[in-house]
Amino acid sequence: MAEASCVSTTPPSVNKAWIYREHGETAHVLKFETNVAVPQIKEDQVLIKVVAAALNPIDAKRILGVFRATDTALPTVPGFDVAGVVVKLGSKARKFNIGDEVYGDINEEGSINLKKFGTLAEYTAAEERLLALKPTNLSFVEAASLPMAMETAYEGLERVGLSAGQSILVLGGAGGLGTHVIQLAKHVFGASRVAATASTKKLDLLKSLGADLAIDYTEESVEDLPEKFDVVFDAVGQSDKAVKAVKAEGRVVTIFGPITPPAFMFVLTSTGSSLEKLKPYLESGKVKPVLDPTGPYPFSKTLEAFAYLQTSRAAGKVVVYPIP
């Protein structure tokens, strides 16, 4: 796949973007518009020419109105994950230079204080602390697939206290999050044994990422496994099952409710420093982006990309590219 070798660093005044002006199903309310104002940057922000953007389940939930009580006023451009080129600096932005290739999750506090202008646009703005330089061995598409999923995996494993020599079970190992939990547990945190669940066709993917035990959830129930684990990372919202697969003194972390004790839930705090810590593992190839084989999707096919994401059949991340 060819990517543009250079991007103009002179931003126009208007933007092409996907935008919704009412809440509802993505297919009905998300529209492509060609005359959307380019966002004004604050003193600690940079303006990014977006080259690729990843879709996340939280995007569809936001469009549906799940967070309307605390969300910004409509209209809204959705999108969390971005990879692109810095084209303008805020007055106090010092971390990057014009022309730097960066990536990150531009919403710092999960579903709180969400940005009105997200990443499904030609240009977007982000605080420089949320971004990191794109590893040179990764394409923009690969880089865009990483931030939210990889940062969530890293923070979750830190919070649950996984340490070298321990065992871990990952529920939902083939999804955008689970693929990174497997890799980070094995190659960054030093887990001695990594088990993960997926459907039959995705078991080889789990093994390729470092799973020692690939469990077909269509054939085997994790509650009935004879083996129990030091840590269980629930990436699918099944903490009721997760707590039955953990050792008596073990720990269970989830990112979805409802929560069955002793499992606990956390919300990601996005930060470029996490991406910077993981950069050596990305550059060495120990941790790899995992892209769903149906993509990447052209920017014009964003609705089709969302429709596929919402089938819950994706193996890895769904990315849209190139953004014109």
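Where in the structure is the place of Pro258? Pro258 sits in the loop between strands β12 (246–254) and β13 (264–265), where helices (H or I, at least four residues) and strands (E, at least two) are DSSP runs numbered from the N terminus. The peptide bond that joins Gly257 and Pro258 is cis, with omega of about -5°. A cis peptide bond also joins Gly295 and Pro296, with omega of about 0°; Pro296 is found in the loop between α8 (272–284) and α9.

The model is predicted: local features need pLDDT of at least 70 and side-chain atom pairs count only at pLDDT 80 or more, whereas totals for chains, interfaces and linings use all residues. Residues are numbered from 1 along each chain as its sequence is written, and side-chain values use heavy atoms, with hydrogens and water left out. The mean pLDDT (the predictor's confidence in each residue, from 0 to 100) is 95, and 97% of the residues reach 70 or more. Over residues 4–8 the pLDDT is below 50, and this stretch has six contacts in the model beyond near neighbours in sequence; contact means heavy atoms within 4.5 Å.

The protein contains nine helices and 14 strands. The C-alpha trace spans about 60 × 40 × 35 Å along its principal axes. Of the 324 residues, 55% count as buried, that is, under 20% relative accessible area, with exposed set at over 50% and partly exposed in between (1.4 Å probe, protein chains only). Among contacts between residues at least 6 apart in sequence, 70% join residues at least 24 apart.

Strand β6 (residues 123–127) includes Glu127 and Thr124. Thr124 counts as buried because its relative accessibility is 0%. Not counting residues up to four places away in sequence, Thr124 touches several residues, including Pro39, Val46, Ile48, Val82 and Phe117. A polar atom of the Thr124 side chain lies 2.7 Å from the backbone oxygen of Gly118. The C-alpha atoms of Thr124 and Val38 are separated by 7.2 Å, although the two residues are 86 residues apart along the chain. Glu127 is likewise buried, at 10% relative accessibility. Its side chain is joined to that of Lys115 by a polar contact of 2.7 Å; such a contact is a pair of N or O atoms within 3.5 Å, where within protein one must be able to donate a hydrogen and the other to accept it, and residues adjacent in sequence count only if both atoms are side-chain atoms. Leaving aside neighbours within four places in sequence, Glu127 is in contact with Asp44, Gln45, Ile106 and Lys115.

In helix α9 (residues 302–309), the buried residues are Thr302, Ala305, Phe306, Tyr308 and Leu309. Seen down the helix axis, these residues fall within an arc of 160°, so they line one face of α9; the arc is that of the directions from the helix axis to the C-beta atoms. Their cover includes β1 (14–20), α1 (26–29), β2 (30–37), β3 (45–55), α2 (57–64) and β14 (318–320).

Ser312 lies in the loop between α9 and β14 and has a positive phi, near 65°. Ser312 is exposed, with a relative accessible area of 66%.
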